Amino acid sequence: MSAGVATSLVTNAAGRRVPTHVNGREQAPYKGVNQHCSTGNKAAPPIRSSSDYPANGDKRVPDLETALRLCGLRDGMTISSHHHLRDGDRVALTALQTAARMGAKDLVWFPSASFPCHEPVIDLMKSGAVHHIEGSMNGPLGDYCSHGHMRGLGVLRSHGGRWQAVQDGEVHIDIAVIAAPTADFFGNADGSHGRSACGSLGFALADSVYADRVIVVTDNLLPFPCVPWQIQGNNVDYVVEVDSIGDPSMIVSGTTQITRSPDRLRISELVARFLRDCGIMRDGFSFQAGAGGIALAFVDYLAGMMKQANVKAGFVRGGSTKYLVDLLNEGLIGYILDGQTFDLDAVHSIASNPRHVATSPFTSYNFHGKGNFASMIDAAVLGATEVDVNFNANVVTHSDGRLLHGIGGWQNCLFAGCTILAVPSFRDRIPVIVDEVTTVTGPGELIDVVATERGIAINPRRQDLLDAVKGKGLPIRPIEELQTEVEKICGGKPAKPRLLDRPVAVVKWVDGTVLDTVWQVVDDNPYAPKVSGGE
Amino acid sequence: MPAAAKISTSRRGEAGRAGDDVRSDLYVSFEERGSGGIEIDLRSRVELYYGEVIRRQVRDVLCALGIEHAFIEIVDEGALPFMIAARIEAAVRRAGLAQRKSVLPEAATLAAPSQRDRLRRSRLYLPGNEPKYFINAGLHGPDAVILDLEDSVHYAEKDAARLLVRNALRAVDFGAAERMVRINQLPLGLADLEEIVPQSPDLILIPKVETADQVSDVVGAIDSIAKGASVARPIWLMPILESALGIENAFAIATAAERIAAITIGLEDYTADLGVAKTAGGSESLYARMRVVNAAHAAHVQAIDSVYGDVADTEGLLHWGEASRAMGFEGMGCIHPVQIEIIHRAFAPSPNELEKVLAIVAAFEEAQARGLAVVSLGSKMIDAPVVQRAVKLVALARKMGIIADEPTAGEAS
């Protein structure tokens with residue numbers, strides 16, 4: 001049985017049934033946007049003394065096994081990793097396999113995201129070495145969890161939610177294993193240099209600060225000091241040098257290509273026109289960009305309009321790519337506040353341009369902080385797998401209930417001044433606008449605009465936006481009208497796939513409350529397209 | 001009946017495509033049976049959402065085709081209902097059955113019938129056997145879509161594409177775009193017309209026309225099919241001149257029929273006919289293009305240019321389009337939706353040009369009001385043909401939506 005502790009289900013403020021306990025811990029059900037404010041103090045790691053560490057600063061040990069042993073590896077521990085190396089990562093899997101070989105059982109893996117390269121963790125779950133995963137799951141891992149094979153419940157958090165959970169003590173990291181493209185023997189580490197360079201290391205920052213023990217693993221050990229350092233050696237227990245932390249070709253892409261799909265280009269252009277025509281595109285404005293097909297193309301269209309109108313953006317939060325870097329170099333944007341670095345041009349830029357700044361989920365996203373960048377952004381353009389007629393959206397599951405994507409920064413970005421979901425109106429005959437989403441990942445009150453190739457729907461709560469675009473020639477349409485049109489094209493409303501009444505994972509809201517439940521899937525469609533989502 | 005069933009050899013037919021790289025299409029394998037009703041083996045990407053709907057449609061389509069016993073295998077990559085119907089019909093016909101029957105999808109609402117002289121700046125080519133491009137084609141705002149049955153369709157797929165295009169003409173909402181079909185050369189094109197004409201396409205492109213007689217043959221076929229099917233909307237023609245002989249006969253072709261609204265040129269075939277390379281500058285086809293422009297204007301039909309083949313080169317397209325407009329063409333073809341907006345820009349009068357012609361028209365109107373025969377602007381006298389051209393250009397700019405419509409007396413309040 002999942003969870004291991006008797007749990008009951010309650011209905012939360014989003015109208016969703018959610019478990020009262022997850023993996024033995026009591027949970028607060030979602031109460032509404034900005035309704036759950038925690039009190040008390042943050043969690044903290046044990047106090048350490050410098051006298052327990054080598055005075056010469058050299059914290060190197062021969063291998064990962066030694067490091068894990070010195071960290072006091074025991075059954076049931078929580079081991080964390082970051083996903084800046086994306087599908088090229090070799091460190092997280094090696095750490096878990098090493099722990100398994102050392103005889104550890106019932107470990108909890110707490111990655112900031114998982115990728116297809118982590119599929120062998122399934123074997124570790126089958127053998128009992130790993131109990132469950134708390135982090136995004138997709139591809140084979142997602143299928144394993146969706147079919148109810150995992151012993152514990154999956155817990156899906158946003159990037160900001162992961163920081164919140166760690167700092168609030170909801171998740172206690174026993175050992176953080178941090179893959180570092182560059183480090184020195186003291187443990188100072190950074191992602192901007194080295195053959196495995198990945199840009200920012202922001203996702204590992206919470207782990208380095210809050211874990212009981214921290215291991216830095218690098219394939220590019222520099223003489224002290226490693227500058228710049230995003231990870232401070234003063235938080236690090238051990239440094240391990242290895243031949244390779246990952247496959248550089250899978251860490252960053254050599255080139256980033258803008259989509260040539262006519263429909264995606266049309267959606268992108270509509271989004272850019274919307275931002276221009278509703279007045280958000282003005283001198284000093286800011287926006288969120290990503291590396292997805294539509295996100296890249298929208299930036300390209302917007303840049304053209306900015307040039308034409310002689311408008312410059314103050315800063316952009318990304319998801320940095322060559323396209324964003326070009327705009328930075330052209331002076332069209334003031335700063336890139338970088339959460340993830342997607343291609344080689346962006347990696348070179350973050351390493352050399354002081355206006356291209358590495359950020360972390362703490363600065364950008366953390367809800368339990370004294371503010372964050374996400375809510376300061378004028379516009380965020382995001383994707384979704386489904387959106388309902390009340391603008392609630394799903395980003396974690398496919399319409400058949402299978403886990404498809406991690407939340408990433410998606411939930412956190414909903415706090416932008418204007419949140420736009422840029423989605424095709426249907427995919428493979430499956431309508432994207434539905435009566436009710438399979439899994440609520442974002443509440444409709446934070447989602448302002450849904451832009452499809454067939455028109456733009458504005459949330460009726462945003463009368464200001466409706467007024468701003470009046471008479472501008474944009475195809476503004478009620479969301480119900482888009483839904484009806486697409487259902488007519490697709491041949492009626494799609495049937496709802498059956499799901500078992502058994503939770504396999506929960507979706508957390510940014511404040512740590514439980515927003516929705518992911519249920520075990522029943523029907524397997526052997527001809528369903530293979531899914532390999534990102535974080 | 002049972003005896004007949006025993007001796008009948010089962011007939012098979014296949015149609016469509018499936019596979020990892022295929023979207024919005026399906027593969028159908030149909031096998032006639034002597035008894036046992038309809039057996040369906042369906043594998044679909046969208047099984048969980050539309051599996052039952054698809055099975056019901058398969059039964060309905062087979063029933064309408066008069067098939068009672070069959071085994072039908074379908075691999076579906078998320079095809080829409082009008083595509084599914086067309087592929088099943090193609091497979092059944094390829095099995096040699098139901099030759100005189102067809103299953104038509106529900107009809108979408110059509111835009112107003114098209115005018116002979118409507119805007120035809122951009123026409124977006126849609127390969128007739130690639131249904132995934134159909135459904136959103138109108139959203140990109142071309143003046144026309146061309147459902148192509150000719151060069152973009154493999155010879156072995158002509159029959160299947162014809163049914164797909166027929167269903168698309170009926171079921172797909174192409175918005176304000178004029179619905180054009182490029183048929184094959186006769187006699188193959190006759191079979192295309194049989195399926196296409198009853199669905200009221202707005203315009204038919206006739207490929208590789210070399211003589212006026214070829215146009216007359218097509219007109220004869222259209223007239224008789226349209227009459228039989230009670231087609232009320234106009235069906236215009238656009239002959240494509242693609243050879244040296246076709247160019248020589250341009251005027252005769254342009255005046256061959258009342259239905260002709262435009263003539264156009266196909267540069268790939270034309271340069272092949274001359275045995276020369278097609279260059280980016282296009283100097284090898286300059287004469288042919290000018291000949292087409294002149295013949296069209298002499299015949300009072302539109303002159304439409306060929307396509308620009310390099311989708312990535314948007315600058316090159318803009319220059320080609322601007323030069324094309326300067327020569328007297330009124331539009332050209334697009335092979336990708338990103339070309340549409342650029343072509344519309346190329347064929348629009350420039351702000352400078354507009355300012356001038358608006359001033360001329362204003363001066364003309366003032367002269368008219370004052371009863372003056374001579375129109376002058378500043379110190380210059382304006383000739384009558386210049387005034388005429390200015391009036392035409394202002395009207396065109398209104399059509400393109402570049403300048404606002406003048407309120408007519410009726411609208412003024």
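**Exercise 1. The sheet around β10(A)**

How many bridges join strand β10 (residues 175-180) of chain A to strand β13 (residues 213-218) of chain A, and do the strands run parallel or antiparallel?

*Solution.* The model is predicted.

Step 1. Six bridges link β10 and β13 of chain A, and the two strands run parallel.

Step 2. Within this pair, A:Val177 has A:Ile215 of β13(A) as its bridge partner.

Step 3. The pair belongs to an open sheet of seven strands in chain A, ordered β5-β14-β13-β10-β6-β7-β8, with parallel pairing. The edges are β5 (60-61) and β8 (130-133) of chain A, each of which pairs on one side only.

**Exercise 2. The surroundings of A:Ile215**

List the contacts of A:Ile215 beyond its neighbours within four places in sequence, then state which residues touch the most other members of the largest nonpolar core.

*Solution.* 

Step 1. With those neighbours set aside, A:Ile215 contacts A:Ala67, A:Cys71, A:Ile175, A:Ala176, A:Val177, A:Ile178, A:Asp237, A:Tyr238 and A:Val240. One of these, A:Val177, is also the bridge partner of A:Ile215.

Step 2. The largest nonpolar core has 272 residues, and A:Ile178, A:Ile215 and B:Ile263 touch the most other members. Helix α3 (residues 81-94) of chain B gives this core its largest share, nine residues.

Step 3. Another core, of six residues, lies apart from it; among its members are B:Val357, B:Ile360, B:Val375 and B:Ala390.

**Exercise 3. Strand β26 of chain A**

Describe the burial of strand β26 (residues 449-452) of chain A, and find the strands joined to β26(A) by bridges.

*Solution.* 

Step 1. In a regular strand, side chains alternate between the two faces of the sheet. In β26(A), A:Val449 and A:Ala451 are on one side, with A:Val450 and A:Thr452 on the other. These four residues are all buried, and both faces of the strand are covered.

Step 2. Strand β22 (residues 418-422) of chain A is joined to β26(A) by three bridges, and these strands run parallel. Here A:Ala422 stands opposite A:Ala451.

Step 3. Strand β27 (residues 455-458) of chain A is joined to β26(A) by four bridges, and this pair runs antiparallel. A:Val450 has A:Ala457 of β27(A) as its bridge partner. The two strands form a hairpin, with two residues between them.

**Exercise 4. Chain A as a whole**

Why can chain A be called as compact as a globular protein of its length?

*Solution.* 

Step 1. Chain A has 15 helices and 29 strands. Its radius of gyration is 23 Å, close to the 24 Å that the globule rule gives for 535 residues, so chain A is as compact as a globular protein of that length.

Step 2. The C-alpha trace of chain A spans about 70 × 55 × 45 Å along its principal axes. Of its 535 residues, 58% are buried. When contacts in chain A between residues at least 6 apart in sequence are considered, 73% join residues at least 24 apart.

Step 3. Domain 1 of chain A covers 58-134 + 171-251, and domain 2 covers 262-497. Their C-alpha centres lie 32 Å apart.

Step 4. Twelve residues of domain 1 of chain A contact 14 residues of domain 2 of chain A. On the domain 1 side of this contact there are six nonpolar, six polar and no charged residues.

**Exercise 5. Position of A:Gly293**

*Solution.* 

Step 1. A:Gly293 lies in helix α9 (residues 293-309) of chain A.

Step 2. Apart from neighbours within four places in sequence, A:Gly293 contacts A:Thr259, A:Ser261 and A:Arg264. Its C-alpha atom is separated by 42 Å from that of A:Arg60, 233 residues apart along the chain.

Notes:
Residues are numbered from 1 along each chain as its sequence is written. Chains are lettered from A and ligands numbered from 1 in the order in which they are written. This is a predicted model: local features need pLDDT of at least 70, side-chain atom pairs count only at pLDDT 80 or more; totals for chains, interfaces and linings use all residues. The radius of gyration is taken over C-alpha atoms; the globule rule is 2.2 Å times the number of residues to the power 0.38. A residue is buried if 20 or more other C-beta atoms lie within 10 Å of its own, exposed if 12 or fewer, and partly exposed in between; C-beta atoms are placed from the backbone. Two residues are in contact if their C-beta atoms, placed from the backbone, lie within 7 Å. Domain bounds come from an automatic or database domain assignment. Ala, Val, Leu, Ile, Met, Phe, Trp, Tyr, Cys and Pro count as nonpolar, Asp, Glu, Lys and Arg as charged, and the others, Gly among them, as polar. Two strands pair if DSSP finds at least two bridges between them. A nonpolar core is a set of buried Ala, Val, Leu, Ile, Met, Phe, Trp, Tyr and Cys residues joined through C-beta atoms within 7 Å.
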